[in-house]
Every structure is written in structure tokens, then in C-alpha cells.
Amino acid sequence: MISSLHRIITIARNTLTESVRKKVLNVLLIFALVLVGSSVGFSQLATPGLDSSGLFDAQIKFVKDFGCGAIGLFGFFIALLSTAELIPQELHNRTIYTILAKPVRRSEFLLGKFLGVVLLLALCVALMSLAFAATLYWQELQGLKTTDAAYAQSSNWQANSVLVSAYNHDVQQIVQQVRDPQLIEAIILIFAKLVMTIGIALLISTFATSSIFTIVTTFMIYLIGHMESTAREFWLASGANSSIWQSSLVGFISLLIPDMNSFTIVDEILAGNKVPWSHALNLIGYADVYLIVLLAVSVVIFDYREI
Amino acid sequence: MEIPASQMSTCLPLSWRLRRATLVALLLGLWAPCKIVWEQRIAQEQDFLRYHGVTMTRQLRDELGQGLTIGVLSGMRSVVADLVWLNVTTAWMNNDWWKMGSYINLCTALQPRAPVFWDMGGWELAWNASISTLYDKTQPNELRRIKASRFWIDKGLEIYLRGIENNPTYWRLWNDTALLYDQRLKDYRTAAYYYRKASELPNAPVYLERFSALMYDQHHANDDQAAYAEWKALWEWLTPEERQMKIHEGDRIESEIRRLEQKLSVPKEKRVFPN
């Protein structure tokens with residue numbers, strides 16, 4: 001057991017090192033960091049002049065949306081591209097033969113590869129989150145600066161208790177929105193969704209003959225996953241109105257494809273609404289169980305594959 | 001049973017592979033119904049928490065166009081809504097109020113639980129569009145201008161009210177509606193109602209508490225009885241320490257209650273300030 005774990009960790013470390021050296025992923029990461037940083041500019045473009053009146057709700061929302069959007073989008077690309085290349089590249093370079101010739105189980109090889117990509121993704125998400133936090137902090141400083149300037153226009157405002165209370169309220173609103181602990185919940189949920197994507201891509205890559213096939217198919221499943229809830233509702237509610245073919249198709253989709261749409265709950269967090277941790281943990285649990293199923297199927301398919 | 005190292009890689013015994021395959025098939029068979037039940041529970045929970053107010057419809061898809069629709073379907077609903085909001089800003093700069101109105105509707109349809117869109121959308125229509133049309137010299141007469149202005153006020157009000165329906169605990173929307181009734185529609189009683197509701201919500205600034213009382217005073221609704229009741233309610237809401245502080249500061253609550261008690265000839269035993 002311990003030796004098996006050791007082999008998995010060694011493969012994971014190797015996969016991580018290889019992936020970090022890939023130029024495409026580095027470029028993607030740079031683009032992601034630039035996009036997260038430029039969200040401030042975008043927010044000011046969308047709400048021109050609002051900073052002067054101290055209405056920061058909109059600007060902070062735009063920064064949050066774009067920051068988390070960039071983490072989700074580029075995280076998806078990084079997860080997809082790095083996973084899709086795992087097995088085909090090993091086959092192309094013929095390195096898989098030397099690895100499997102050693103006392104390494106195929107399942108260990110696959111799990112090691114999976115763990116390596118998850119570590120890579122965790123690293124990228126952590127870096128993007130840091131950039132996101134820095135952007136939000138800059139937005140907070142801007143907000144506080146503008147609020148100070150707005151109140152400084154009224155002379156001796158600190159002596160007026162109503163103005164002092166209004167100032168404190170404005171400052172509290174800005175700080176509350178920027179330092180929202182729910183943002184951690186949002187990033188964890190984005191990460192869970194991305195790890196699910198890795199699981200899907202890994203499953204497809206176990207039987208795919210090219211990376212392009214894996215990329216396209218995973219992308220399609222990702223899109224369909226956002227409509228799975230609609231298919232499920234239709235399937236469960238369908239009676240005499242639908243044909244057997246329609247019902248079978250949506251039933252097949254519902255049973256097979258994961259519900260990615262549930263993870264768009266992140267939008268609610270970004271809009272400032274409360275999402276209880278119990279609900280987020282429920283979603284993370286769902287992603288974990290789905291991942292176990294995906295990995296189990298991947299291992300079986302990979303076992304049968306002729307190499 | 002440990003597998004011999006020589007058999008570990010490419011050639012697992014057939015019995016092992018079959019056993020594994022059977023186990024996974026069983027796992028899949030068990031997982032499928034569990035998955036549906038679990039997803040249904042998550043969906044119910046999300047419905048209960050009032051998320052995903054609007055589903056993707058054909059009309060919404062046509063309005064968004066292909067690119068943005070893919071964005072929504074990829075789980076980027078909030079980013080798509082923000083991108084659509086850029087069009088609101090452009091339409092506002094071009095004074096293209098109809099286009100601006102339809103983009104605002106699109107944004108609020110995409111993210112009904114983002115109060116910012118209702119807040120800013122209502123303001124754009126009820127204030128920017130209505131005031132701009134009020135001074136629109138291309139209109140042949142003032143009657144037309146007033147009519148057009150009133151039209152946009154109503155549109156903005158509609159946005160605020162729909163926003164309140166979707167986000168009942170966001171104080172700013174109640175405050176915006178009150179401000180509109182107060183400053184544009186001159187309906188001070190309704191404004192007082194909305195100010196009162198806004199002041200009772202979480203995160204509302206404390207100064208809002210007295211706005212409902214102000215709405216009833218001589219400069220607005222001129223209803224001394226209602227104004228007195230509001231000021232009195234505010235006073236009773238304060239703790240004894242806060243009351244002492246207000247008296248010390250010569251706060252408006254105290255002076256208004258004294259003035260109205262005098263004016264309405266409230267019997268001494270019923271007065272807040274008998275002296």
C-alpha cells in the first residue's frame with residue numbers, strides 16, 4: 001500500500017514538473033493573470049464616473065466577476081490541455097513503455113498522472129487567486145481614497161455625527177464587499193468543478209487516440225453538463241408528451257453527464273448573496289463521488305487498452 | 001492476493017480484469033440512480049435559496065447572440081451579464097434610451113439576484129433617461145417632453161419594483177424607490193413607506209431611519225399626525241443612553257417631537273416631553 005502510494009506520488013511529481021515546463025500552460029497562466037489584473041480597468045469602463053459618487057457596488061461586482069471568470073476560464077483551459085496531452089504524449093514519446101515495464105500498475109500510472117494535473121491546477125488556481133486578491137485590495141484602496149475625498153469636500157464633517165455615521169457606513173460597505181469570506185468558498189467551488197473536468201478528460205484520454213479528440217469531447221461534455229439539469233427535469237417530468245427516443249436520449253444524458261450547472265452557484269456568491277457552507281460542501285461531495293466513479297471507469301478502460 | 005511484479009503492467013490476468021470490470025459496472029449501476037437523486041436534492045436546495053431565477057429561453061438566446069449564449073452555457077453567466085452591461089453604458093453615452101432599456105432588461109434577466117443591475121438600471125431609466133427627455137429640444141412641445149419623461153420614470157420604477165421582488169433584503173433598492181417617489185413623483189406618503197422599509201433592512205445606514213418621518217412633515221406630505229407618530233416611534237426605539245445623548249446633542253428627533261406636540265396640542269400626560 002505504502003509502496004503503491006510512493007509510486008503514485010513519484011509519477012505525480014514528474015507530471016507536475018513536466019507540465020510546469022510547458023510553454024503553452026505558462027502563456028495561459030500569464031494571460032489569466034493579465035485578465036484578472038485588467039478587471040479593474042474593465043469595471044471602470046462599465047461604470048464611468050461612478051467612483052466619484054462613491055457607488056462602488058457595481059465596480060466591485062465587475063472585478064469579482066472577471067477575476068473569478070478568468071480563474072474558471074483559464075483554469076478550464078489549463079486543466080483540459082494538460083490532461084488531454086498526458087497519455088498521447090507518453091505514447092508518442094514511448095516513455096509509457098519504460099514506465100509500465102517497471103513494477104508499476106496501470107492504475108497507479110493513471111492515478112499519478114491525475115494527481116500531477118490536479119497539483120498543477122491547484123498551483124495555477126492559487127496563483128490566479130493571489131492576483132485576484134491583489135486586484136480586489138487595490139479596488140478597496142481606490143474606494144476608500146475616493147470616499148475620503150468625497151467627504152473631505154464638506155468642511156468639518158467629522159464634527160457632524162450624521163456625516164460620520166454615513167462615512168463609517170460607506171467604508172464598512174466597501175470593506176465588507178471586498179473582504180467577503182465567501183470568495184474563498186467561490187474559488188473552492190470553481191476548483192472542484194475544474195477537477196471534475198480533469199476527471200472527464202482523463203477518462204476520455206484512456207481510450208482516445210489523439211489529444212484533439214479528448215479536448216473536443218471534454219469541451220462538449222462540459223457544455224452539455226451545464227444543460228444536464230434541463231435534460232433531467234425534462235426526463236423526470238416527461239410523460240405522454242415525449243417520444244420514447246426523446247425520453248431515452250435525455251435519460252441517457254442525465255444518467256451519464258455530471259451536472260455542471262449546479263456549480264454556477266458561484267455567480268450568486270459574486271452577486272453578494274449568501275450561499276451556506278453546507279450547500280457548498282454538498283456540491284464538493286458530489287464532485288468527489290463523481291470523480292471516484294470517473295477514475296474507477298478510467299482505470300478499467302486503461303487496463304483493457306492495448307499498448 | 002498480491003500480483004507478481006512481472007504481471008503488473010500490461011498483462012493483468014483476465015480474471016482480475018473481469019472482476020474489476022464487473023465491480024465498476026456495479027458501481028456505475030449503483031451510482032446512476034444515486035446521481036439523479038443527489039442532483040435533484042441539490043437543485044431543490046438551490047430553488048429554495050432562490051438561485052437561478054431565470055432559465056435560458058429561446059428569446060434570451062436570440063437577444064444574446066451566439067457567442068454570449070455559449071458563454072452562458074459554459075457557466076459564465078455573470079461575466080456575460082457584465083459584458084452586456086457595457087452596452088448599457090454605450091447606449092447611455094449615445095442617449096439611446098430604448099436600446100439601453102432593452103439591455104438593462106437583458107442584464108436583469110441574466111442575473112436577477114445581482115441587485116447592482118436593478119439599482120443602476122432603474123437609475124439610468126428613471127433619472128438619466130427621464131431628465132434627458134425632459135430637456136430634449138427635438139420634441140415639438142413641452143407636453144411631449146413631460147410625457148416622455150414620465151414614461152421613463154415609470155420604466156425605472158418598474159425596474160426598481162421588480163428588483164425588490166427579486167432581492168427583497170437589499171436596502172438600496174427600497175431607498176432608490178423611495179427617492180424616486182420623493183423627488184420625481186412627489187408622492188411623499190409612498191416614499192415614507194419605502195424609506196421605512198429600507199431603514200429596517202440589514203446594512204441600511206442609520207440616517208435612513210428619520211427619512212420616513214421627514215416625508216410626512218410640513219414641507220412634504222404635510223401630515224403632522226403621521227409625522228408625529230414616526231418621530232415618536234423613532235424615539236421609542238432608542239435606548240435610554242441614546243436618548244440622553246440625543247437630548248445633549250439637540251437632535252432633530254427631539255426638536256421635531258417638541259414642535260409637533262405643541263402644534264397638535266397633545267395632552268401633557270401623553271407627551272414624550274411634557275416640559
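Trainee: In this predicted model, how should I read the way helix H5 and helix H6 of chain B cross?

Mentor: Two packed helices are described by the angle between their axes together with the distance between those axes. Here the axes of H5 (residues 97-110) and H6 (residues 115-134) of chain B come within 10 Å and cross at roughly 165 degrees. Because angles over 145 degrees count as roughly antiparallel, H5(B) is roughly antiparallel to H6(B), and the crossing of H5(B) and H6(B) is left-handed.

Trainee: Which residues make the contact between H5(B) and H6(B)?

Mentor: On the side of H5(B) they are B:Trp97, B:Met100, B:Gly101, B:Ile104, B:Cys107 and B:Thr108, while H6(B) contributes B:Phe117, B:Trp118, B:Gly121, B:Glu124, B:Leu125 and B:Ala129. The residues of this contact of H5(B) with H6(B) divide into 8 nonpolar, 3 polar and 1 charged.

Trainee: At what angle do helix H3 and helix H7 of chain A cross?

Mentor: The axes of H3 (residues 57-92) and H7 (residues 182-207) of chain A cross at roughly 25 degrees and come within 9 Å. Since angles under 35 degrees count as roughly parallel, H3(A) is roughly parallel to H7(A).

Trainee: Is the crossing of H3(A) with H7(A) left-handed or right-handed, and which residues meet there?

Mentor: H3(A) passes H7(A) in a right-handed crossing. Among the residues that meet are A:Cys68, A:Ile71, A:Gly72, A:Gly75 and A:Phe76 in H3(A), and A:Ala186, A:Ile187, A:Ile190 and A:Leu194 in H7(A).

Key
Residues numbered from 1 in each chain as written. Chains lettered and ligands numbered in written order. Predicted model: local features only at pLDDT ≥ 70, side-chain atom pairs only at ≥ 80, totals over all residues. Axes fitted to C-alpha atoms, helices over the stretch in contact; angles between N-to-C directions. Helix = DSSP H or I, 4+ residues; strand = E, 2+ residues; numbered from the N terminus. Parallel < 35°, antiparallel > 145°, perpendicular 65-115°, else oblique. Left-handed = near helix turned anticlockwise from the far one by under 90°. Contact = placed C-beta atoms within 7 Å. Nonpolar A, V, L, I, M, F, W, Y, C, P; charged D, E, K, R; others polar.
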